[in-house]
Amino acid sequence: MAALHQRSVLAMIKEFRRNWHTLCDSERITVCGADAMLLALQLCTAENSRQHGGEFTVSLSDVLLTWKHFLHEKLNLPFGTMEVIDHYEDIRRTYDSFLKNSNMLDLIDVYKKCSVLTSNCENNANISASQLRDFLSGRQSAAEDETDLCVAPSPVSEHGQDNEKVNCE
């Protein structure tokens, strides 16, 4: 399922690249993938924290909470009972400003711009907003429970000393 979403996203990006000159004002555009989007959102959240609290720090849980809300809002998907971080609107403005000042578009912007080309961008019909959300959040399928986390198995000791306590002096 993830490979299907990946192919659809790649087809959407190829179509965008063919038609970028009609969709964008800038001569050069960088398309941000999920990792760059999350990193930019983290930086914008930390900047918001600095402006409101004095420190350029942010907890991972706040970044992930913001990310989840951000994906739903930007893709116009229902929120349900989703929690919202304080000053979310400021974070969103900082994120949008960052992308604009850097001549960047994220995959959601590409998706929206490509949907404008409905007649020229048939590949956009192959991916829905919820499938793009699943792709960006790394979920395998839309039916997956949102509380599932990928947990790497813990390494097993060759000597059977897994339960042995370690003293740090």
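Student: Of the 34 residues in the largest nonpolar core, which touch the most other members?

Tutor: This is a predicted model, where local features need pLDDT of at least 70, side-chain atom pairs count only at pLDDT 80 or more, and totals for chains, interfaces and linings use all residues. Residues are numbered from 1 along each chain as its sequence is written, and side-chain values use heavy atoms, with hydrogens and water left out. A nonpolar core is a set of buried (under 20% relative accessible area, 1.4 Å probe, protein chains only) Ala, Val, Leu, Ile, Met, Phe, Trp, Tyr and Cys residues joined through side-chain atoms within 4.5 Å. The members of this core that touch the most others are Met37, Phe70, Tyr95, Leu132 and Leu136.

Student: How are the rings of phenylalanine 70 and tyrosine 95 arranged as a pair?

Tutor: Rings of Phe, Tyr and Trp (its six-membered ring) pair if their centres lie within 6.5 Å, and planes under 30 degrees apart count as stacked, over 60 as edge-to-face and the rest as tilted. Both phenylalanine 70 and tyrosine 95 are buried. Their ring centres are 4.7 Å apart and their planes stand at 70°, so the pair is edge-to-face.

Student: Which residues do ring pairs link into a cluster?

Tutor: The structure holds two aromatic pairs. In one of them, tryptophan 67 and phenylalanine 70 are stacked, with 6.1 Å centre to centre and 25° between the planes. Through ring pairs, the cluster joins Trp67, Phe70 and Tyr95.

Conventions
Buried < 20%, exposed > 50% of the residue type's maximum accessible area, 1.4 Å probe, protein only.
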